[in-house]
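User: I want to learn how to read helix packing. Can you take me through a case?

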Amino acid sequence: MKESKLKKLLEAYKAGETTLEEEQLLFEQAKDADPSWEAFSSFVKNFYMATR
Amino acid sequence: MNKEEFRRKVFSLSEQLYPMVARLLGKSVNVEDALQEIMLKLWVKRESIEKHPNPKALVFLIARNYCFDALRKKRPELSYSTAHLTLLKSENGQEPLEWEELNTIIRKILEKVPEQQREVLIMRDLDGYEFTEIAATTKLNVPHVRVLLSRARKQVTVALEKIYSYERK
């Protein structure tokens, strides 16, 4: 994903304006973002796998 | 509501209820057993569910309340907190220490988020619920849920950025 698109999507995420599909995409593309987002995504993904 | 209608309207929601029940009760409880008990409770309340203007909302609320009651019986002081988050191990191959550190960092951040905001954030980001489902469970409207979620996400993001900005220095 392009950096600008990722940034835009992250802003929408913070505003609570993303869909579940977009959020899933954001969590999957975490490695392209900054370390703080990568950490949070890792936490979320772990949780997802543990509860399903 | 007969058996067939119950199966179609209520029992079919089991899959959607599973993540919330699993997260709230943690791994010390068999989630399938808990869901079975919830379904029994829902069967008893089937007439009220049928008459309710939003049956799905009521199902989620009954399931959530069942979990809280079960948790209170085990640990009377427990509320909708982050305590249960620590019970989980890494499922994607992270080193235990790395996972433990990350888990501790995020749990501490979440503890500082106001309860209602935290609840919404957990339901959305960890449980993967739609806004309408969160609104139904929390008895809030969707715009309010979005506002709470946005505040929670901003607080968590800022806190994480503060911690991880040191890594880049």
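Analyst: Start with chain B. Helix 2 of chain B and helix 3 of chain B are oblique to each other. Keep in mind that this is a predicted model.

User: How are two packed helices described in general?

Analyst: Two packed helices are described by the angle between their axes and the distance between the axes. Here, helix 2 (residues 14-25) of chain B and helix 3 (residues 31-44) of chain B have axes that come within 10 Å and cross at roughly 120°. The crossing is right-handed.

User: Which residues make the contact of helix 2 of chain B and helix 3 of chain B?

Analyst: Helix 2 of chain B supplies Ser14(B), Leu17(B), Tyr18(B), Val21(B), Ala22(B) and Leu25(B). Helix 3 of chain B supplies Val31(B), Ala34(B), Leu35(B) and Ile38(B). By class, this contact has 9 nonpolar, 1 polar and no charged residues.

User: Now chain A. At what angle do the axes of helix 1 and helix 2 of chain A cross?

Analyst: Roughly 125°, for helix 1 (residues 3-14) of chain A and helix 2 (residues 20-28) of chain A. Their axes come within 10 Å.

Conventions:
Residues numbered from 1 in each chain as written. Chains lettered and ligands numbered in written order. Predicted model: local features only at pLDDT ≥ 70, side-chain atom pairs only at ≥ 80, totals over all residues. Axes fitted to C-alpha atoms, helices over the stretch in contact; angles between N-to-C directions. Helix = DSSP H or I, 4+ residues; strand = E, 2+ residues; numbered from the N terminus. Parallel < 35°, antiparallel > 145°, perpendicular 65-115°, else oblique. Left-handed = near helix turned anticlockwise from the far one by under 90°. Contact = placed C-beta atoms within 7 Å. Nonpolar A, V, L, I, M, F, W, Y, C, P; charged D, E, K, R; others polar.
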